[in-house]
Amino acid sequence: MTTATRKLDLGLAREVVRMSLPLMGTMVGNLLMMLVDRICLAQYSSDTLAASGPAVFTAMTVITFFTATTNLSRSCVAQAFGRSGEPTARAEAVLGLLIAAGLGLILLCLSPLLGMIPSLSDHPPAIRALESSFLELSTLFGAVMVLNVSMSAYFNGIGKTRVSLYVGLLGQVVAALAIYGLVFGRFGLPELGMRGSALGTLVGCGSMLVCYAWQLPRGFLRDGLKHWADAGKAALRAQVVLRLRRGFASGTAAGMDELGNTSFVWLAAVLGPIALAANNVNLTLNYLAIIPIIGLGIGCSVLCSNAIGRNDYDQIPPILKVTLLIEGAYVLVVSLAQLLAPTMLLEPFGLSTSDAQIQT
């Protein structure tokens, strides 16, 4: 390897890390909220622990379809930014926001259908009631998540990933406190148990929406709408159809991937409450190895999209190679932690020595 090549690889590694670290921090924030949510429900009662897995994963399967469909906006913004700069990227982001608003409304309309899903299982009535209450409320925070994804797509696409980091971390802290308060009835809030988990998530997502809107540049919506008004209805319609067609493929792939996890959770429930509780905890811990890598993948995607916008296709393979090396190092560290210190990882879930079957 020549000195120039080594410098190029090191430079790319620094760029990938610079772009991805804030996004990985955002994903860690998501992990924090999820851990707080699952720990609160595990500590609240055995019924909420058993219901949390099927309810949360079922909700996220549906929500992931909509957020992944919307998230195509990030690539469109990144390519436009690499090609023509921020004004064009802003127009692409506004179109993504309009599409996200429509998808969010569709998701809200699905609330009654999601609430009926637990009735198809043979879970005990008390657990089915908890699952239904969560699923009915999940479309509220899901719709806000869709809007948040469209706004973060703008900042990530133009390389301002620190905005996503700060907004994401703030939202996750707010959500964690709200979940704790609403599940257990702390801070003067009502004790709502399973419903408190969903409403606390909604509070956190709502705070993120406000922060993203605050950080948008002046004239963001006006300039974007003017761009598409000047382009004409035919051009706008063509772009919406193109976005939805490509986004639908991405959303379906992501939704099917999440559906695999959800199916596993529902199958574990057939084996009884002990297997379901153990599976819920295990899946939560496994997300420790997955969620930050998503942030790294997003950073890689943004850099590749910028390169495509500049017609600099030779830069893409090195970006992918460096990203894979960093991901491999991270997975190795997390895998060693899971193998060498499993008891320490299980302790926050309240799994004492009396829970030997669940620990096993």
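**Helix packing and nonpolar cores in the predicted model**

Helices α6 and α8 are roughly parallel to each other, a term applied to angles under 35 degrees, whereas angles over 145 degrees count as roughly antiparallel, 65 to 115 as roughly perpendicular and the rest as oblique. The structure is a predicted model, in which local features need pLDDT of at least 70 and side-chain atom pairs count only at pLDDT 80 or more, while totals for chains, interfaces and linings use all residues. Residues are numbered from 1 along each chain as its sequence is written, and side-chain values use heavy atoms, with hydrogens and water left out.

The angle between α6 and α8 is about 15°, and their axes lie 9 Å apart. Axes are lines fitted to C-alpha atoms, for helices over the stretch in contact, and angles run from 0 to 180 degrees between N-to-C directions. Helices are DSSP runs (H or I, at least four residues), numbered from the N terminus, as are strands (E, at least two). The contact of α6 with α8 comprises 19 nonpolar residues, seven polar and one charged. Here Ala, Val, Leu, Ile, Met, Phe, Trp, Tyr, Cys and Pro count as nonpolar, Asp, Glu, Lys and Arg as charged, and the others, Gly among them, as polar.

Helix α6 (residues 125-157) also packs with helix α2 (residues 46-70), their axes coming within 8 Å and crossing at roughly 30°. This angle makes α2 roughly parallel to α6, and the crossing is right-handed. In this contact, 17 residues are nonpolar, seven polar and two charged.

For α7 and α8, the axes are 7 Å apart and the packing angle is about 155°. Helix α7 is therefore roughly antiparallel to α8. Their crossing is right-handed, and their contact holds 14 nonpolar and 11 polar residues but no charged ones. The loop between α7 (161-184) and α8 contains Phe187. Phe187 has a phi near 60°, a positive value in a residue other than glycine. Most residues other than glycine have a negative phi. Phe187 is exposed, with a relative accessible area of 58%; exposed means over 50%, buried under 20% and partly exposed in between (1.4 Å probe, protein chains only).

The largest nonpolar core has 32 residues, and those with the most contacts inside it are Phe66, Leu107, Phe134, Phe141, Val146, Val183 and Met194. Such a core is a set of buried Ala, Val, Leu, Ile, Met, Phe, Trp, Tyr and Cys residues joined through side-chain atoms within 4.5 Å. At least two of its residues come from each of α1 (3-44), α2, α4 (86-109), α6, α7 and α8. Another core, of 16 residues, lies apart from it and includes Ala89, Met151, Tyr212 and Phe220.

Ser73, in helix α3 (residues 72-84), has a relative accessible area of 1%. Beyond its neighbours within four places in sequence, Ser73 is in contact (heavy atoms within 4.5 Å) with Glu92, Ala93, Gly96, Ala153 and Arg243. Ser197, in helix α8 (residues 194-215), is buried at 0% relative accessibility. With neighbours within four places in sequence again left aside, Ser197 is in contact with Asp37, Leu41, Phe134, Ile179 and Val183.

Notes: A crossing is left-handed if the near helix is turned anticlockwise from the far one by less than a right angle, and right-handed if clockwise.
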